[in-house]
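This report covers aromatic pairs, charges over rings and nonpolar cores. Please look through the structure before reading on.

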Amino acid sequence: MPDGARFLTATEVLVATLIVKLAVVATLATMLARFRQFRRILLTEQRAWRERLVFAFSLGIPLTGGVTARLLLDYEAADCSLVGPFLAGLLAGPYAGAIVGALLGAPALVAGEVAAMPFAVGCGFAGGGLREVSPKEAIWRLSPLVFADLHLHAWELLRRFRADWLLVLAAAPAGLEVIRQFLGYRFGPSTIFHQPAESLGTAALILLSTVLSAAIPIKIWNTARVEHRLEEQETLLMAARVEALTNQINPHFLFNTLTSISSLIRSQPETARMLIAKLSALLRRLLRTQEQFVTLREELASVDEYLDIESVRFGPTLTVEKDIGADSLQMVMPSMVLQPLVENSIKHGIERKVGGGRILIRSRRVAGHGVIEVVDNGAGMADTDLRPDRRAGIGLRNVDERLRVIYGENYHLRLESTPGEGTCARIEIPEIVVPRPASA
């Protein structure tokens, strides 16, 4: 043995084992929380039998491996035969706790520890019974920091003379540990596994580690529950904002089209009738498709219906050209994005230019992104009108906001314009392509 080296004392070995045990419990709880199905089970308090069984076996199988490691490798830090069933019962009910207790007690029973399985199953029922009588929110408030406010909980208990459930929940695993220590002392270590307390100090450390072994997983899983619910709320909020912005665009377009029709009713009734028919076809298409995302091919079809209406109004003075990359037609994009851009080109560009004008719609795929541009040779806009808060019309503001909501702040509507020469509205979105169905 090298000079200066020494063996650890029994107390030091015990402390190291208890610390490693807490690390094992925290690691397992974190790994389980990463599985979506396990995390989804944590979200609800009323669980079906299938979910309880999934919870029990998800927790019980790896903990059974820990008991087996203790028996075969003498690795005591992996044995959670008290905390595992107690947690399963506390979170999923007494029968789930009993199942985990039976799983953990089986290898110990085979090894001759006759009291192991009854005690583990009893821990599961103890946790399940505590679940039945305690408020559910109190269970999720149990954390390793309960000891920091222990004096406040004790004072509250003495002041109001009623049960403080955090104290009860923290005391329950400690009480089970006291029972295990008594069984081990009375019947010997071959009957049930326990870490014997040589002094009051080591007894306090064992009780503390048992309580922390129960509190740490609950804290980790509660954090996962909160994060999952926040993610759900963000998703719902995003969907609500997108829906609201889409609903703002459609009435805006409808109002402008009806205004155009009303101006033609007296002077050109046949043209007005044709516009109404085409508007009906467009609205029928919008009502049939409620998807928030469509392919570029579908979006262009919707724009064509809109341009049919405008072409009747402007006649040959409005020229529409397309330069669409064949590989971009299946790109997925937010619905009703191009129509406001085309409408802006007509309303604020072509209408203000004497003699009509030209609109070019082009698309391409560049470096993992889809780039779509609507270019006109209309009146153009001054630099001050290109700022987000000055963009003409609600349509462009909403397109810009939808892109930011869906894809993030780096994706937004870009406008380039030269007064008297025209405007280019450009959007760039992440490239998502729907595979074209194979022909027979």
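## Exposure of a ring residue

Buried means under 20% relative accessible area and exposed means over 50%, with partly exposed in between. Phe-125 has 41% relative accessibility, so Phe-125 counts as partly exposed. The model is predicted.

## Overall make-up

The protein has 14 helices and seven strands. Of its 440 residues, 46% count as buried. The protein exposes about 22600 Å². Carbon and sulfur atoms supply 62% of that area.

Contacts were also sorted by sequence distance. Among those between residues at least 6 apart, 75% join residues at least 24 apart.

## Aromatic pairs

The count comes to six aromatic pairs. One of them joins Trp-49 and Tyr-95: the ring centres are 5.9 Å apart and the planes are at 45°, so the pair is tilted. Trp-49 lies in helix H3 (residues 49–73) and Tyr-95 in helix H5 (residues 94–110), so this pair ties together parts that are 46 residues apart in sequence. Trp-49 is at 48% relative accessibility and therefore counts as partly exposed.

Tyr-95 also pairs with Phe-125. Here the centres are 6.4 Å apart and the planes are at 80°, so the pair is edge-to-face. Phe-125 lies in helix H6 (residues 116–133) and Tyr-95 in helix H5, so the pair ties together parts that are 30 residues apart in sequence. Elsewhere, ring pairs link Phe-38, Phe-55 and Trp-221 into a cluster.

## Charges over rings

Trp-49 has a charged neighbour too. Arg-52 lies over the face of Trp-49, at 5.4 Å from the ring centre. Likewise, Arg-186 lies over the face of Phe-187, at 5.2 Å from the ring centre.

## Nonpolar cores

Which residues touch the most other members of the largest nonpolar core? They are Phe-55, Leu-59, Leu-90, Leu-142, Leu-169 and Trp-221, out of 48 residues in that core. Helix H4 (residues 83–92) gives the largest share of this core, seven residues.

Phe-55 belongs to both the ring cluster and the largest core. Leaving out residues up to four places away in sequence, Phe-55 touches Phe-38, Ile-41, Leu-42, Ala-88, Leu-91, Ala-92 and Trp-221.

Methods:
Residues numbered from 1 in each chain as written. Predicted model: local features only at pLDDT ≥ 70, side-chain atom pairs only at ≥ 80, totals over all residues. Heavy atoms only, no water. Phe/Tyr/Trp six-rings, centres within 6.5 Å; stacked < 30°, edge-to-face > 60°. Helix = DSSP H or I, 4+ residues; strand = E, 2+ residues; numbered from the N terminus. Buried < 20%, exposed > 50% of the residue type's maximum accessible area, 1.4 Å probe, protein only. Lys NZ or Arg CZ within 6 Å of the ring centre and 35° of its normal. Contact = heavy atoms within 4.5 Å. Areas by Shrake-Rupley, 256 points an atom, 1.4 Å probe, with all protein chains shown as cover. Core = buried A, V, L, I, M, F, W, Y, C linked by side-chain atoms within 4.5 Å.
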